[in-house]
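Please read the report below alongside the sequence and the coordinates.

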Amino acid sequence: MPKLSIVTVNYNNLNGLKKTVQSVHTQTSQEFEHIIIDGGSTDASVEYIKKHQDSFSYWVSEPDKGVYNAMNKGIERASGEYLLFLNAGDHFINEQSLQRALTHLSGEHIIYFNLHVVEGSRDFTKTYPSRLSFSYFVEDTLPHPATFIKKTAFAKAGTYREDFKIVSDWKFFIDAICRYQLSYKKVSETITTFYIGGMSSDPKNYDLKNNERTEVLSKEYTAFYQDVNDTLHMRKTLNSLKKSRIISLLVKLKFLNKF
């Protein structure tokens, strides 16, 4: 059994697919299997996959029900102890990234690293806390391109919810950590790059994203959600009061400066 299964989901993103595949297959460590799940692309992605099919342990190109359906197909086919979802466009930051990462796969169900994020001409490193809590997941999540998930974690916490369009990976993490209390570990290194520009970061999808998150929190974590919601409301109120006082003070200073 390989130590790691790298799953790459693609749909009509030939340039991103090329970037990901090249990054994966130039790693100094080749202790992995690479699985390609293509959603029936109509660009040249399938031709590219066929050309390099000897490099993949498994690939398929067929219509699917969305990205989470595709990711679940990858889980089903994976034979590695751990899974890493490195979807088309995501890539390792250098050729030694995977070799460094493998040394940290020490048995925990979820092992997460920092993430190099590129947004247009701006790039930054997003870091994550060493302690994960319900209140953390109310406001944030873990990065699937920088998180190694033990395959047995999906048997315990379930696979990705396919009727959701945006937050199923977040739901998996909050369920795994908060409901099923699976083990986890943070590694303060950066090994992968993620480009902002997908569905979850599109302003047009903010309402859908919030609706999906609220459905999970309000229906499946009702008591906890109410407590955290009250805390967040109090925080917003205090911040609003602080802003009002600052504005009031600035108005007074501007008035005094006239004399």
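Predicted model: local features only at pLDDT ≥ 70, side-chain atom pairs only at ≥ 80, totals over all residues.

Residues are numbered from 1 along each chain as its sequence is written, and side-chain values use heavy atoms, with hydrogens and water left out.

**Overall model**

The mean pLDDT (the predictor's confidence in each residue, from 0 to 100) is 89. Of the residues, 84% reach 70 or more. Residues 250–259 have pLDDT below 50. Beyond near neighbours in sequence, that stretch makes zero contacts (heavy atoms within 4.5 Å) in the model. Nine helices and nine strands make up the secondary structure; these are DSSP runs numbered from the N terminus, helices being H or I with at least four residues and strands E with at least two. Of the 259 residues, 45% are buried, meaning under 20% relative accessible area, against over 50% for exposed and partly exposed in between (1.4 Å probe, protein chains only).

Strand β2 spans residues 33–38, and six of its six residues are buried. In a regular strand, side chains alternate between the two faces of the sheet. In β2, E33, I35 and I37 point one way, and H34, I36 and D38 the other.

From β2, the chain reaches β3 through helix α2 (residues 45–51), in a right-handed β-α-β crossover. Right-handed means that, with the strands pointing away from the viewer, the path from the first strand over the helix to the second runs clockwise.

**Aromatic rings**

Rings of Phe, Tyr and Trp (its six-membered ring) pair if their centres lie within 6.5 Å; planes under 30 degrees apart are stacked, over 60 edge-to-face, the rest tilted. The count is 11 aromatic pairs. F85 and Y160 have ring centres 5.7 Å apart and planes at 70 degrees, so they sit edge-to-face. F85 belongs to strand β4 (residues 82–85), and Y160 to the loop between α6 (151–157) and α7 (168–179), 75 residues apart. Y160 also meets F172 edge-to-face, with centres 5.7 Å apart and planes at 65 degrees. F172 lies in helix α7, 12 residues from Y160 in sequence. Y160 is buried at 3% relative accessible area, and F172 at 2%. One aromatic cluster holds Y68, F85, F154, Y160, F172 and F173.
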